[in-house]
Structures are given as C-alpha cells and as structure tokens.
Amino acid sequence: MNTESFALRHIGPRPEDISEMCKVIGVESLDQLIYETIPDDINLENKLDLPPALSEYEFANHINALSQKNQVFRSFIGMGYHESVLPAVIQRNILENPGWYTAYTPYQAEIAQGRLEALLNFQTVVSDLTGMEIANASLLDESTAASEAMALLHAVRDRQQKKDNVIKFFVDENVLPQTLALLETRSEPLKITLVVGDPDDFDFSNDFFGALLQYPGKYGQIRNFEAFTKTAIEKNIKVAVAADILSLVKLEAPGDWGVDVVVGTTQRLGIPLGYGGPHAAYFATKEEYKRSLPGRIIGVTKDMDDQRSLRMALQTREQHIKRDRATSNICTAQVLLAVMAGMYAVYHGPKGLKFIADKIHKNTVKLADTLEGLNFQQKNDLYFDTIHIKANAEKIKTLAEERRINFNYPDANSVTISLNETTSDEDLEMIVEIFADAQDKTPNEVSTLDKDLIADHKLGRQTEFMTHEVFNSFHSETALMRYMKKLERKDLALNHSMISLGSCTMKLNAASEMLPLSNPQWGNIHPFVPQEQAKGYREMLQNLEEHLSEITGFAATSLQPNSGAQGEYAGLMVIRAYHQSNNEGHRDICLVPSSAHGTNPASAVMAGMKVVVVKANENGNIDLDDLKLKAEKHHANLAALMVTYPSTHGVFESAIREITKITHDNGGQVYMDGANMNAQVGLTSPGRIGADVCHLNLHKTFAIPHGGGGPGVGPICVAEQLVPFLPTNPLIEVGGEKGISAISGAPFGSALVCLISYGYIRMLGEVGLTASTKTAILNTNYVKAKLSKHYKTLYSGERGRAAHEMIIDCRHFSKNYGIEVKDVAKRLIDYGFHAPTVSFPVAGTLMIEPTESENKEELDRFCDAMISIRQEVENCTKEDEQNLLTNAPHTLSMLTVEDWKFPYSRKEAAFPLDYLNDNKFWPSTRRVDEAYGDRNLMCSCAPIEDYI
C-alpha cells in the first residue's frame, strides 16, 4: 500500500473490494459501469490539467509555506470585522472536532438535540442583546442579513402600500460599504428604489416602506435613533437596524425603540477573521414576522412522551416547499460558526461579555484622549470602539505599515481606528507613537483616563441580558468542556456512521484539509487589508479558481458566493447582466424543471425573473417536447434554463446536449446547478454538456464540512461571454470589468474554508479526483443492487444505472402496511444511521447517496439495516399502532423502564442487528411533535422564572 497516497485514505473501497462490488452490480469492471452510466457524447475528451497529487505531508508543508506569504499585521480597520479571541476550549472541542463539524443540517431532530440546543443558545443571545422577540439560527454574513431585512420589510408591506406601489427604501449613509453594495444588488431586480442619506434629513415620506440604520455607524459614531424610529412607526415606515452585537452589551437594545428588524454579525464573539469568513450573521425580528423570517429557526416542542425537545421550527418555510413564492432563497446557515459564537457567550456569560466590552470601550476612550492631547481632532461625539481622527491619511498609512499596523482611511484627511478584544497596552503605545511621529512630536504617555462614555449616556444599556442558567454555569474550562461533550453525545455525525443523504454528498472531511484552519497565518487576516499583505491567500484562491475552472470546463470562477443558494442567485444575476449588456434586458423568463431544488425557482424570482416550469417525463427526465414548446413560446424573452445534472432523480439524462441547444437556439443561457457535481468531476463537465454557468457546492463535492448546516461555499464558474460580469466588491478589486455589485460582504466570501477544497484538489490530483467520482457511482450502484430485491428504485438511466445517488420508493408502504416513509427514516436511527433524504424530490421516497468515502463494510451495514427494516415493514398492519417503526426511535430511558408494554422485545427495539452490540448510538429524545412546536412557538431559552 502506498502510504503517501491521499486517494487511498479518502476513497473507501479497497482495490480488492471493487471487483466483488462489480460482480454484485453485474458488470465486469468499474470502467464498464461508468460506460453504462454516462452518455457517450459528454465524456471529457482530455484528462483534467491539474498539478500532480501531493501527499498529506507534502500538502502540509506546501500550505504552511503559502501561509508565510501572508503578513499578519495588527488590524484596527473595523468596518464590520474585528480580531477576537477564540477560547482554546472551543477551538479544540468544536472547530477541530468532527463530532461537530461533520454533522448534517438538523432536519432529523431526534439525532441532533445537541446542535439544536447550541443554536437555541445562539438565538437567545441574539434576542437578548437586540431586544427582539425572535431570532433565527444565523445567516451568511451581515450584508446578506441586511439585504434579507430589506426584502422582509418589502414583503410585509400592508395592502395599501402594495396597492400604491410603495417601493422606496431609505439607507443610512453610515451603513457599511459592503452592505450598501449588497443592498444595490438585491434591490434592483426586486424593483426597490434605494435612497441613501443622512437620517437627520429624512422626510418620512409615504413613498417609503422601510429604512436601514447603522448602529454604531461605519466610522464609529453612535446616534440616538429612538426619535427616528418613533416617527417612522407613526408614518408606517418599518425600521431595520444593523448593529454591532458586542456594542449592544453596553448600548440600549434597538428593540427597545420598537424597530422591526435587527441584523449584524457575531464574528467578534470568538470567530477568526479568516480574510472575510465564514462568520455567523444574525437576524432578529418581531414574532409577527415569523412566517417571513429568512433562514432557519430552532424551536422548543415535545416528544411522544411529552418530554421537552428541540427541532427546526416552521419547516414549511423551506424553499423546497415555497419555491417561486419564496421571498428568500436562503437555505444554508452558518451553524458551526453560530455554535462557536454561542459557546463563546456561554463560556464568558453576561459578566464576561461586560468585562470585554468595557475593556474595549475604555481603551478607546484612553486612545482618543491621548491623541487629542497631541492636538488631533476626534470627530465622534459618542463611540464604542471606533474613533474618527482628522489627519493626513497617506502619512499615517506609511508610518503605520512600517510598524505592521493597519487603520482605515475613509479619505485623504481622516483615519478611523477600531479597537477590539485583543488590543493591548503595547498596541495603544504603538498607535500613539505613529501619530506623534506624523507631527514630529515625542509620544505622550497613553492616557490613564478611566471613563465610560456610554455608561454615563442616556443610550447606556439598562436592561439585563443572558439571565438564563446556561449563560451563568459553565465558566471554567472543565465545566464548558463537559457541557459541549454532553451536547455532542446527543448528535449523530460522520464520525459515527455513514450519512447517505441524497443531493448532500456527506463525504470525508479529511483532517489534513482541516488543520490549516487553526493556523493564525490564515485566521488573522482582515478582508480589507492591502493586497500585498494577503499574498498567500491570493495565490491559494487564484489557484483554486483556476482548478475549479478546469474541472468545470469554464473560463473563470468567482469564489464570492458563500452558499449554494447564493451561488444560484449570483449565476442568474450574471446572466441577467449579460442580457442587459446586449440590450436584451427584457429577457426575464427562466425555465425550471419540475424536479429542481426548491432554491432554483426562489433564486430566479429574486433575480427578477419569471419562472416557467418544465414537465418531467415518466422516467423523471426533462420532457423534451415540453421544453421545446416553452422555449419557443418564450423565444423573445427567454433568459435562462436552470438544470441540475445529473438530474435530481439521480440520472445522467442522455438528451442533455439537446436540452442546452434548445435553450441556446431560443436566446437563453444555461445555468447548471452543481449540487450533483460529485458525479461529474474528471468524467464530464458543465462546459462539456453545453452549460454557460454553474455553481459548485464546495461543502459537498469539494469536501468542506457541513458543520451542522454551514459553512457553505457556492462559487460560480462561467463561460467566456459571462466573465466580464463576475461580482465585484466596493473596497477590494475583484470581479469582471462590467461586474455586478457584491453578492456577499467579503471580496472572496468565506475565504478561510476555501483552504479545505484547495487541499482536497491538490492531494487528490487528476487521478484521485476521477477515481473519487467513479467510486461514488460504484458505491451507489452497489447499494442499488443489494437493495433491489427489497426496494424499487424509482428512476434509472437508459442502461439501468444510477448516477451518484438513487431514489427508493416507499409510497406503497402506507397503503399496504400503514407505514410512512418518515417511519422508515426514524427507524434507521435505531440502527445507528442518519436517514437518507426524505420525500425529495418525490414524496414518499428516500434518496440515497453513499459518497466515495464509505468503505464496503459500511455500505454492507447500511444495506443490512435497510433490508431488516423492510422485513419489519412487512410484519406491520394498518391496524397496528404499536410497532417497531411507528414507535421509532427507541431511547435508552424507554428501554430501561421496568414495565415494558410493547408487543416486541427490547432487543428487537434497540439491537435488531449484531453490529449494534459493538457501537450503539442512543437518541436522546423520542419522536418530536412538529405541529405542537409550531402551534406553541418558542425560539429562545426559557426565562429564569420558568425554572423557579
């Protein structure tokens, strides 16, 4: 065995297993299987042109050498990003722990109670600090959250405002520039008119439906918006506030003024800068808007035994349900980062956060006092952590960079300085020295002034926060470590067993890919530093863009979108800009197959397009006659076709090149959803099938871990004609010469986790990537063959093969046995497995995707479990209300009661197969009651009074 081959570590089946698996499938070789799976006319003509594969040791040296090209200055830039201290106990036990980072989105609540509690903590912190009634479980970044706030306020306009076409939205001129850029991106296709100005000059005209305020402002000034909000409410203008979450420890909560939405980022609650991400944004609002709240919400409910349980609330809001009626396409959160931020709050508690915020503020006051003593004018009357100094920006910049320090320079005559949790006395002395040198003066001693400007101001916070027991119990490392372990044990992640979710590609997230994330040479870079300070990042990101372009067969890549759904939106916005550049802005029809992901039609609507659904034929493929009919009908206005390939039904449609040609012949561009790219890499490509743009889920095909529901990265790759329109950033030069405005706040989105995909590609190389794709197809067809006598596969290719995923049909179970597909899903928990994707894209089915990382032994265990469950189904009757499936999952407490009342044994319930004796996972709750939770919505920790 070649111990230097990463592919041998990443790919599950051993070489000797492959021939046996092929026999079960009924082919002589893996090559024959691939021949029978992929249509001949889309095979790649040449191998991928990628660098040779590195061993794990070679990659570690390579990535470390690249990191040394980054210059880690002390950055006091602010602008929504601040250095923070990630407690080592959280770094080791969450960020670096596969029990947390390899878990899937908590759709299956019974095996996700730990993550759900951690997210409930996060929501409680946000609700408490913002003073709002309800908060979600995170969004992608602050700028995205602000644009979602604008969309929500637009969606909840009253009947008269909609009738009068009230479309103006006021934006505080002190909003962060990256947020303004994103508001511009989102507003234009929705036909919202932005008006940017000074809130003091706002006339509260009835032409406006909403306003966004920044608190504190981008240069640090804190303004009292209470009167503004009061007048806005009187004029039926709804108000959103973008707020620095740490400043709210000291400042009055915006919710106390009566605002409608508060958004921001929790990055400064212990999350590394990472050159811009990933970071968990927050979104808090009034309970009356809960049905319009974007993203995911964690709520409290009960289980079958009336015990308190948690689950994702209001799941029908998910875009698979709403589709083209959705007001947002958000389906990815930043769960791993939200968990870390929530644990930071648990570890420090309210007193710890007050200590940190007080230290930052008092240091800022001392610095302002010292610089004023040097005769510099400080412009801000009230501030938290940022001062605005009148000075020669060029001179200060030169002196600062000589000392490896970054400030922010709004114009030629001003400098802003944002202090943070890491700021030391030595930092303050260095800053004072820089300004003294600019005036050829001897530096003053740093002021000893011990003054709290906010505490003495009417905006100082009076209300308590984080009074719940969880924020006042775990302040020693031992206590927090055990609390996190307690939660981890409640969750089933990839470190326990296979997660065979179709369309989700839960593959190995190799430790060698993850390790660089802990390196401060990567973690401590502010996204707006001068380019020469981020040479390591720039080289890595450029290489990754080139590799992804080669893999997709396209001309260029943008890494800015930081989720798959955001990538969809970015791709469509690029197509839209392309049509507009050709004086064909009228092209606004988007054809979407009926089997598409729910985010597809939602993204099209957000991009200002009208969705026309294309039928599927009896084989689950796009109906060519219907496609041609609709493409020709909308010939003059066709903008795009959205297609997933292989299809959402797990099939390589042989007519794909005809499908793309029909679209092109009628003036449209082809957008390919890259959710199923794991079946293409090295064998075919979006460019080869005739697409024009695709997004890639780096958190699927390219090994970034799901982290319980995020981080995600959704870059777009485009053909030559679309390159000029790639997204830009207002502060850092990126994107095309005619680029659309920003898609996310940071120029490269979630740059830090791009290291993972870069490592994945560099360590696999062309041979390993292609082998991974072939093995993904092998594993799926092996499972299909083993289950074929027990379950019907709903769709197959023309030669009877599945792609990298398959759908098994459970619809007849209900009629014949009284068993629903959800019962099968819950029963799998008793066998130690996370269920496959339930009822998507077809109700009553399970979509299975094993991925290439699973070995033959694990596939056999899964198949044995599925076969055993099938036998259990046949023993059920419609009249039987007490059976193994409808009672699943079975908890330890349920199994240990003295009085066992069920018509089957405890062994049958908990240990139906022998392998479970050696590795049993116990769910911590019985089946949850979704409907009860939605009727009695509670989305934060209960107040302390409930425990007295």
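Hi everyone, this is a short walk through a few local features of the model above. It is a predicted model, where local features need pLDDT of at least 70, side-chain atom pairs count only at pLDDT 80 or more, and totals for chains, interfaces and linings use all residues. Residues are numbered from 1 along each chain as its sequence is written, and side-chain values use heavy atoms, with hydrogens and water left out.

Let's start with helix α5, residues 88–95. Helices here are DSSP runs of H or I with at least four residues, strands are runs of E with at least two, and both are numbered from the N terminus. Which residues of α5 are buried? They are Val89, Ile90, Asn93, Ile94 and Leu95, where buried means under 20% relative accessible area, exposed over 50%, and partly exposed in between, using a 1.4 Å probe and protein chains only. Looking down the axis of α5, these buried residues fall within an arc of 160°, so they line one face of the helix; the arc is taken from the directions between the helix axis and the C-beta atoms. Ala88 and Arg92 are exposed, on the face turned away from the buried side. The cover over the buried residues includes α6 (98–101), α13 (335–373), α16 (477–488) and α17 (511–514), with contact meaning heavy atoms within 4.5 Å.

Gly80 sits between β1 (74–75) and α5, and Gly80 counts as buried because its relative accessible area is 17%. Setting aside neighbours within four places in sequence, Gly80 is in contact with Leu176, Thr265 and Gln267.

Next, Asn121, in helix α7 (residues 113–130). Is Asn121 buried or exposed? Its relative accessibility is 2%, so Asn121 counts as buried. Its side chain makes a polar contact of 3.0 Å with the side chain of Tyr483. By polar contact I mean a pair of N or O atoms within 3.5 Å; within protein, one must be able to donate a hydrogen and the other to accept it, and residues adjacent in sequence count only if both atoms are side-chain atoms. Not counting residues up to four places away in sequence, Asn121 touches Val346, Val470, Phe471, Tyr483 and Cys941.

Now for the strands. Seven of them form an open sheet with mixed pairing, in the order β16-β22-β21-β20-β19-β17-β18; two strands pair if DSSP finds at least two bridges between them. The edges are β16 (556–558) and β18 (610–614), each pairing on one side only. From one strand to the next, the twist averages 25°. Axes are lines fitted to C-alpha atoms, for helices over the stretch in contact, and angles run from 0 to 180 degrees between N-to-C directions. Within this sheet, β21 (residues 693–696) and β22 (residues 716–718) run antiparallel, joined by three bridges, and Val693 stands opposite Val718 in β22. Helix α19 (residues 535–552) packs on the sheet, touching β16, β21 and β22, and its direction makes about 125° with that of β16.

There is also a hairpin, formed by β14 and β15 with two residues between them. Strands β14 (residues 408–411) and β15 (residues 414–418) pair in the antiparallel sense over two bridges, and Asp411 stands opposite Ser414 in β15.

Last, a helix pair: how do α25 (residues 754–787) and α28 (residues 856–874) cross? Their axes come within 10 Å and cross at roughly 35°. The contact includes Tyr782 and Leu787 of α25, and Phe862 and Met866 of α28.
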